[in-house]
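Subject: Structure handover

Hello,

Here is the structure I promised to pass on. Please open it first, then read my notes below with it on screen.

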Protein chains: 2
Amino acid sequence: MTEDGTHGRPGRWRSGAESKQRILRTARELFGEHGYRATSVRAIATAAGVDPAMVFYFFGTKQGLFGAAVDMSGDVPPAIESIFAGGLGTIGERIVRTLVENLDKSGRTPLVMLTRSAPTDARSEALLREFIDREITDRLAAMLGTPDAARRAAMVNVQILGLTVARYIMRIEPIASASVDELVDMFAPLVQHCLTGPPPRTTRGGTGRSAAE
Amino acid sequence: MTEDGTHGRPGRWRSGAESKQRILRTARELFGEHGYRATSVRAIATAAGVDPAMVFYFFGTKQGLFGAAVDMSGDVPPAIESIFAGGLGTIGERIVRTLVENLDKSGRTPLVMLTRSAPTDARSEALLREFIDREITDRLAAMLGTPDAARRAAMVNVQILGLTVARYIMRIEPIASASVDELVDMFAPLVQHCLTGPPPRTTRGGTGRSAAE
DNA sequence: CCCTTTCTTCACCACCTGATGAAGAACACG
DNA sequence: CGTGTTCTTCATCAGGTGGTGAAGAAAGGG
């Protein structure tokens, strides 16, 4: 429909986009800080210097706003792409470094927002799980190709989740105030071990699947 | 003071304790499932078959109820004690096995309750961090005695947090539906490596101690 | 019996929540 | 100018929130 954006149709289209983006920015900030449920539309509107009704005018519902705030399109992908660009040899370091650098840059990142909201909001949990599965687990598993790829990718997920929660959600020391390089020194070998280390022993039962490679 | 508890003073002290414990049980269940903020006093009261006012009669405020529900006295300690009972050789397996077995037994455990509530509730975050520091980090560090003990203990914390969040909060597959033995096979070596493996390389800057701040 | 203590319930409060509808202001076009 | 579109504000809604106060029902003791 109205794709122009600069001029053409009547109305006051300038301040509109401005307010909309300001709401979006504030929403990302507050959602990322307190999670979905603990952040009220009124709080966002007030912090953005805007009437609460405007939020609903632009985004319809609170969930619509959250969806727009959490929508990642062209934002995270480039960072993630660089992880899978290189080979398997140093992928552990690339995963940890990319994760921490991107999350350090801005705490209002969708990943943190979703991680904060997931325990409270079922939709956030589904979104986050879907994102992790599609963007990390599946790609890692495809990259490995081994029969135990899913298991190894899941172990990496645990590393990523643990690191994210410890550093950005719960801010546990000394993880919270460690430097990027220190975190890489700590966790890159672990992540690397998850992916390319010796296969986990399959002593018990048959669920473990035979460890080829 | 009225310390007796069995009989002596007038009044209907029997059903009182019964209702109080029923409220407490239901509160643990709901808090553990939805977190602090997303659980209303009325929901707890209704689920417990009790008038909402009774909750305030017994516990004063919602936070008082949460504090009572989350209060761990003699409940978690015995399980944790067994972790530190043995030597360092197989402590990785003991940590993972004890954690998963105890959390599998009942999802309404204080650890899960706090982990669910921490992102939303500042007090829960403080409580959980304090618990982890006192009961895990400090004891692990003391057990190791090495200069990099704090760093190693922190790495174990990340493993514990990641495993807890992946299995009980976000229920990521295949972690969520893996057996205890499978999880031990996966993560016990990692945890063991955190504690007794070769020290993290300190290629950059100083020894890692004086990095932050 | 009465009386005290404990438990239980009901009615109610002020406040905040997400959301709606209509009226009004800013703007660009004809 | 007027007109139509977009943006902004206001008043308001129903419903849920944590929390309170008083009155009533059991249970005991004297």
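**A buried loop residue**

Start with B:Ala48, which sits in the loop between helix H2 (41-47) and helix H3 (52-59) of chain B. Keep in mind that this is a predicted model. Is B:Ala48 buried or exposed? Count the other C-beta atoms within 10 Å: there are 22, and a residue needs 20 or more to be called buried, so B:Ala48 is buried. Leaving out residues up to four places away in sequence, B:Ala48 touches B:Arg22, B:Ile23 and B:Thr26.

**An exposed helix residue**

Now go to chain A. A:Lys105 belongs to helix H6 (residues 91-105) of that chain. A:Lys105 has 10 C-beta neighbours inside 10 Å, and the limit for exposed is 12 or fewer, so A:Lys105 counts as exposed. A:Val41 lies 64 residues from A:Lys105 along the chain. The C-alpha atoms of the two are separated by 26 Å.

**The nonpolar core**

The largest nonpolar core has 103 residues. Which of them have the most contacts inside it? They are A:Val96, A:Phe187, B:Val96 and B:Phe187. Take A:Val96. Not counting residues up to four places away in sequence, A:Val96 touches A:Leu183, A:Val184, A:Phe187, A:Ala188 and A:Val191.

**Two helix pairs**

A:Phe187 comes up again in the next pair. Helix H9 (residues 149-169) and helix H10 (residues 180-196) of chain A pack at about 160°, with their axes 8 Å apart. That angle makes H9(A) roughly antiparallel to H10(A). H9(A) brings A:Arg152, A:Met155, A:Val156, A:Gln159 and A:Leu163 to the contact. H10(A) brings A:Phe187, A:Leu190, A:Val191, A:Cys194 and A:Leu195. By class, the contact has eight nonpolar residues, one polar and one charged.

The second pair is in chain B. Helix H7 (residues 110-117) and H9(B) pack at an angle of about 90°, and their axes are 11 Å apart. H7(B) and H9(B) are therefore roughly perpendicular to each other. On H7(B), the residues that meet H9(B) are B:Leu111, B:Val112, B:Thr115 and B:Arg116. Their partners on H9(B) are B:Thr164, B:Val165, B:Tyr168 and B:Ile169. Five residues of this contact are nonpolar, two are polar and one is charged.

**Where the chains meet**

How many residues does each chain give to the contact between them? Chain A gives 44 and chain B gives 43. In chain B, helix H8 (122-144), helix H9 (149-169) and helix H10 (180-196) each supply at least two residues of the side that touches chain A. H9(B) gives the most, with 13 residues. That side of chain B has 23 nonpolar, ten polar and ten charged residues.

**How the copies are related**

Chain B can be laid on chain A with an RMSD of 0.1 Å. The move is a turn of 180° with a shift of 0.0 Å along the axis. That is the relation of a two-fold axis. In chain B, the C-alpha nearest the axis belongs to B:Gly162, at 1.7 Å.

Best wishes

Note on methods:
Residues numbered from 1 in each chain as written. Chains lettered and ligands numbered in written order. Predicted model: local features only at pLDDT ≥ 70, side-chain atom pairs only at ≥ 80, totals over all residues. Contact = placed C-beta atoms within 7 Å. Helix = DSSP H or I, 4+ residues; strand = E, 2+ residues; numbered from the N terminus. Nonpolar A, V, L, I, M, F, W, Y, C, P; charged D, E, K, R; others polar. Least-squares fit on C-alpha atoms with pLDDT ≥ 70 in both. Axes fitted to C-alpha atoms, helices over the stretch in contact; angles between N-to-C directions. Parallel < 35°, antiparallel > 145°, perpendicular 65-115°, else oblique. Core = buried A, V, L, I, M, F, W, Y, C linked by C-beta atoms within 7 Å.
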